[in-house]
Amino acid sequence: MTAERLDRFMARANAMYYATHNPFTDFTTAPEISQVFGEILGAWTAVAWQHMGRPDPVLLVEAGPGRGTLMADMLRTVRRVMPDYAAAVRAHMIETSLPLRAAQRASLAPWTAEAVWHDSLDQVPAGPMVLVANEFLDALPIRQFVRRGGGWAERYVLDGAFVEAATTERPPETGVADGQVKEINQPAQDFVRSVAERVRRDKGVALFVDYGEAGIQGGESLQAIADGRQVNPLSPAGSADLTALVDFLDMADTAQAAGAWTQGPVDQGPLLSSLGLFERTEALAGQRPADQAERLRSAALRLTDPAGMGTLFKLMAVVFPGCPPLPGLGRA
Ligand code: SAH
């Protein structure tokens with residue numbers, strides 16, 4: 001066996017995981033927890049579209065759509081609350097996994113027959129777009145550098161364990177202590193940079209929702225989930241979903257350097273609460289049998305839990321210069 005650089009291991013592991021794993025058992029992401037998540041984000045994209053000057057057509061792009069639940073919930077909602085926006089929307093999905101594409105196609109069938117799938121953002125046609133990405137950036141492969149003496153080493157994976165190799169590459173200087181890890185997510189930076197260039201050029205808005213922090217100095221956050229449980233991230237490739245915390249300040253810097261503006265990041269809990277999560281949940285619960293009503297209510301609490309998803313998850317928008325404040329994100 002030869003050692004494999006961590007980002008290559010993570011890319012291979014996640015490609016195998018998303019291509020082979022039954023996506024219907026493991027997903028406990030926000031759109032899978034409550035339909036109200038997608039309803040709120042759908043309404044949010046409608047406001048973004050108004051800020052953009054109501055372009056027709058407009059691309060509604062989702063990166064890493066999983067089972068397609070978020071897009072389906074958004075499309076259903078915009079049909080109901082803003083038909084002129086719904087008529088202008090063209091759904092585009094960025095997804096590399098074939099089984100997940102099939103699951104997404106099935107989820108979208110009631111709402112659009114014209115969705116288009118792409119392997120990467122480069123393939124999405126130019127034009128005004130609203131992009132959403134929930135738990136996409138955190139799945140992209142990271143590198144881990146370790147401060148060693150005056151220099152740096154980089155982590156590789158060999159036989160289920162880390163090995164280090166000295167490197168002349170340098171992560172940005174963040175003052176991490178000797179022995180500490182600094183994680184770098186280059187594909188996330190590249191993705192956000194391309195999104196920023198597009199929204200600046202074609203007047204668009206992008207919303208990133210992820211498990212992350214506003215500025216990460218150092219430390220390691222790589223984690224693996226299999227069957228809803230945390231497992232060793234270096235367990236055999238394809239057996240678990242690997243993610244790492246998103247550094248939202250790094251993403252904001254990257255977007256701004258490409259000429260876009262940013263709004264947020266803000267915590268998920270307060271944002272969803274202020275945009276009516278509990279009111280909508282009660283309205284739905286009132287029309288449902290008791291067990292379903294209870295499930296909806298506990299889902300809303302889970303999404304906003306200050307000791308859980310409500311603060312672990314953050315939202316940040318990358319917007320065209322001059323875009324007015326978007327719902328829940330406050331001042332630009
Ligand atoms: N947004 C969904 C799923 C998150 S899981 C939800 O919230 O439920 C991550 C998703 O990103 C999966 O759909 C996975 O197949 C996709 N993905 C991961 N890496 C990708 C890449 N490099 N390009 C495109 N899609 C990717």
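Predicted model: local features only at pLDDT ≥ 70, side-chain atom pairs only at ≥ 80, totals over all residues.
The ligand takes up the space of the largest pocket, and 17 residues surround it.

**Around the ligand**
- Closest to the ligand are Thr29, Gly64, Gly66, Glu95 and Asn134.
- Glu95 uses its side chain instead, with an N or O atom 2.5 Å from an oxygen of the ligand.
- On its own the ligand would expose 580 Å², and the protein buries 89% of that.

**The largest pocket**
- This pocket holds about 1200 Å³ of space.
- It has 50 lining residues, with Tyr18, Glu135, Asp138, Ala139 and Asp241 closest to the centre.
- Elements giving two or more residues to the lining include helix H5 (69-81), helix H8 (186-202) and strand S11 (223-226).
- Helix H1 gives the most, with six residues.
- By class, the lining splits into 23 nonpolar, 15 polar and twelve charged residues.

**The second largest pocket**
- Here the volume is about 360 Å³.
- Its lining counts 25 residues, and Lys182, Glu183, Ile216, Asp247 and Asp250 sit nearest the centre.
- Strand S9 (181-184), H8, strand S14 (246-247) and helix H9 (248-257) each supply two or more lining residues, and H9 has the largest share with four.
- The lining consists of eleven nonpolar, seven polar and seven charged residues.

How values were computed. Residues numbered from 1 in each chain as written. Heavy atoms only, no water. Near = heavy atom within 4 Å. Polar contact = N/O pair within 3.5 Å; in protein donor to acceptor, adjacent residues only side chain to side chain. Areas by Shrake-Rupley, 256 points an atom, 1.4 Å probe, with all protein chains shown as cover. 1 Å grid on protein atoms, 1.4 Å probe; cavity = no way out; pocket = protein on both sides within 12 Å on 5 of 7 lines; lining within 4 Å. Sits in = over half its atoms within 2 Å of the grid points. Points joined across faces, edges and corners; volume = space filled by probe spheres on them. Nonpolar A, V, L, I, M, F, W, Y, C, P; charged D, E, K, R; others polar.
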